[in-house]
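Please look over the sequence and the structure shown here before reading the report that follows.

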Amino acid sequence: MSDTPSKATVTADSTAPLPQLQQARRDFLALVAELRPDLHRYCSRMVGSVIDGEDVVQDTLARGYYELSALQAAPALRAWLFRIAHNRALDYLRRYERRMSEPLDPDSEVPDSESDPQTLLPREQAVTIAVARFVELVPTQRSCVILKDVLDYSLEEISESLNLSVQAVKAALHRGRARLQSLPAQPDVMPVDVSPTVRRYAALFNERDWDAVREMLLDDVRLDVVEATTRKGRKEVGVYFTNYANRSGWYLVPARLDGREGVAVMHSSNIVNFVELTTQGDRIARIRDFHHVPYLTTEVQPKIATRSQAVLRGHSPE
């Protein structure tokens, strides 16, 4: 994929007819499709959550799409989008008061030998560090470590993406790697549980009792199939289940992702998707299905609820 978008096909124009606008948006999303997994890897580590990271990716693409028409020249797509993603992630952190207080001095100098990519944090180690652990770093250090040690950017590419000098990037890498290496070991995995409402939803789904599943929905239930559709109300959302009803070998297992409860969508004992469920008493208030962004569960697998572990050993409920 070229890093230079064609403005003729992706420029947003608010005066254009709706079908033309919709086609322009589809063209833009097709153009950036190959970048999305890397954008998500970056954003999820910046904000410490694969789900919130996808929100930042969505925000980034929306901002990029509408800013494109104001540019005098087509940008280098990768660096331009990562710069937007960086700023949107920082906005997210500020909005939820998660910004770290220790500032980075961009003029600090670190000898080149100390900022060698293999000196403190080899890439194979960086990509296995838990997403949430990156929030232990101040934002500039976090950005540089993710881009270099997770996404394998060059110092020059990081400098361009973050508007920092190469020397500032080296300083941020050195400090960020040292900080990650000094973090204490993560605690043992705690048992995972979910609410009885989520368990009942999964059980009824696996029984293909669609009428009973629909009865669990609040009258004003909201459905978000990320990158596909949004629906509201029991009648409109009820149609959603027919998408799964026609698939054989698919079933649900209660699980958590980023600490949020929902269900892992299984096929042949493999996790293929996560659906976040928001409950209200014994009812479902919101369904958020990540089927169309599969990189989300590739990055971090949902944690299966303790009493459902047998499913992963090949015991399908069907």
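## Exposure and the model

A residue counts as buried under 20% relative accessible area and as exposed over 50%, and it is called partly exposed in between. This structure is a predicted model, and the terms above are applied to it below.

## Two residues with positive phi

Most residues other than glycine have a negative phi. Arg-208, although not a glycine, has a positive phi near 60°, and this residue is found in the loop between α10 and α11 (210–215). Because its relative accessible area is 22%, Arg-208 is classed as partly exposed.

Asn-163 is another residue that is not a glycine, and its phi is positive at about 55°. Asn-163 belongs to the loop between α8 (155–162) and α9 (166–182), and with a relative accessibility of 61% Asn-163 counts as exposed.

## The sheet

Strands of a sheet pair through backbone hydrogen bonds, and the pairing may be either parallel or antiparallel. Here seven strands make up an open sheet with mixed pairing, in the order β2-β1-β6-β5-β4-β3-β7. Because β2 (229–232) and β7 (303–304) stand at the edges and each has a single partner strand, one side of each is left without a neighbour in the sheet.

Within this order, strand β1 (residues 217–225) pairs with strand β6 (residues 283–289) in the parallel sense, over five bridges. Leu-217 has Ile-284 in β6 as its bridge partner.

## A helix across the strands

Helix α10, which covers residues 196–206, lies across β3 (250–257), β4 (260–267), β5 (270–280) and β6, and the helix runs at about 165° to β3.

Notes: Residues numbered from 1 in each chain as written. Predicted model: local features only at pLDDT ≥ 70, side-chain atom pairs only at ≥ 80, totals over all residues. Heavy atoms only, no water. Pairing = 2+ DSSP bridges. Helix = DSSP H or I, 4+ residues; strand = E, 2+ residues; numbered from the N terminus. Contact = heavy atoms within 4.5 Å. Axes fitted to C-alpha atoms, helices over the stretch in contact; angles between N-to-C directions. Buried < 20%, exposed > 50% of the residue type's maximum accessible area, 1.4 Å probe, protein only.
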